[in-house]
Amino acid sequence: MSLLAFIHFSNSSNFFDSPFVVPVAGCAMVACIVVASMASANRKRELQSQERLAAIARGVPVPPTEEELAIMHGKPSTDSTRRRGNTRRAGIVLIGTAVGLMLFFIVLTVVLQVREILSGVAASLIPLGIGVGFLVDSRIQSRELEEATSNPQPPQH
């Protein structure tokens with residue numbers, strides 16, 4: 001039916017009556033946001049590179065980047081801290097999703113009184129495993145960061 005509906009609405013004069021407009025628009029919006037953020041980050045790196053090259057061409061000492069400043073002061077960089085936080089957040093969200101899926105299938109089994117629906121609980125093992133992996137990775141990153149900051153290297157001149 002969906003192919004027939006698409007053919008029917010694609011031949012129609014009013015495309016916006018199609019049931020596919022909302023999902024396509026949503027996907028297009030997400031794609032545009034991702035592309036815009038990538039272009040913005042790329043432009044920022046390009047401008048920083050041009051500034052550094054201009055400083056080198058004039059013979060001016062190149063100012064250190066945020067990453068280099070963090071390393072010189074023995075502190076974690078904002079990138080590594082942000083990455084660790086994002087990893088932990090993704091793990092928590094995935095574990096919450098897995099628990100939600102488990103509860104959904106358990107409640108659905110109780111309501112419909114069909115035991116075979118419990119096999120859907122197995123689907124929640126996928127986000128559960130990925131979430132646990134993210135939390136383990138976050139903990140490993142924390143340990144590596146603690147080791148790196150507990151033994152700061154003196155700044156090189």
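User: Which residue forms a salt bridge with Arg43?

Analyst: Glu46 does, and the closest N and O atoms are 2.8 Å apart. A salt bridge here is a side-chain nitrogen of Lys or Arg within 4 Å of a carboxyl oxygen of Asp or Glu. Before we go on: this is a predicted model, where local features need pLDDT of at least 70, side-chain atom pairs count only at pLDDT 80 or more, and totals for chains, interfaces and linings use all residues. Residues are numbered from 1 along each chain as its sequence is written, and side-chain values use heavy atoms, with hydrogens and water left out.

User: OK. How many salt bridges does a search of the whole structure find?

Analyst: The search finds 1.

User: And where do Glu46 and Arg43 sit relative to each other?

Analyst: They are in helix H2, and because they are 3 residues apart, about one helical turn separates them. Helices (H or I, at least four residues) and strands (E, at least two) are DSSP runs, numbered from the N terminus.

User: How far apart are the end C-alpha atoms of H2?

Analyst: They are 55 Å apart. H2 covers residues 21-58, and its 38 residues should span 56 Å at 1.5 Å a residue, so the two values agree. The expected span is 1.5 Å times one less than the number of residues. Just after H2, Gly59 takes a positive phi of about 85 degrees.

User: Which residues make up the nonpolar patch on the surface?

Analyst: Met29, Val30, Ile33, Val34 and Met38, with about 500 Å² of accessible area together. Val34 is found in H2, and at 41% relative accessibility it counts as partly exposed. Patches take residues with over 30% relative accessible area and no salt bridge, joining like charges within 9 Å and nonpolar side chains (Val, Leu, Ile, Met, Phe, Trp, Tyr) within 5 Å. Areas come from the Shrake-Rupley method with a 1.4 Å probe; for residues, only the protein chains shown count as cover.

User: Switching to H5. Which of its residues are buried?

Analyst: Pro127, Gly131, Ser138, Gln141, Ser142 and Leu145.

User: What does Gln141 touch?

Analyst: Leaving out residues up to four places away in sequence, Gln141 touches Arg83, Arg84 and Thr87. Contact means heavy atoms within 4.5 Å. Gln141 counts as buried because its relative accessibility is 16%.

User: How many aromatic pairs turn up in the whole structure?

Analyst: The search finds 1. Phe104 and Phe105 are edge-to-face, 5.2 Å centre to centre with 70 degrees between the planes. Rings of Phe, Tyr and Trp (its six-membered ring) pair if their centres lie within 6.5 Å; planes under 30 degrees apart are stacked, over 60 edge-to-face, and the rest tilted. Phe104 is partly exposed at 46%, whereas Phe105 is buried at 17%.

User: What about the protein chain overall: how many helices and strands?

Analyst: There are 5 helices and 0 strands. Buried residues make up 16% of the 157 residues. The chain exposes about 12200 Å², with carbon and sulfur atoms supplying 67% of it.

Definitions and conventions: Buried means under 20% relative accessible area, exposed over 50%, partly exposed in between (1.4 Å probe, protein chains only).
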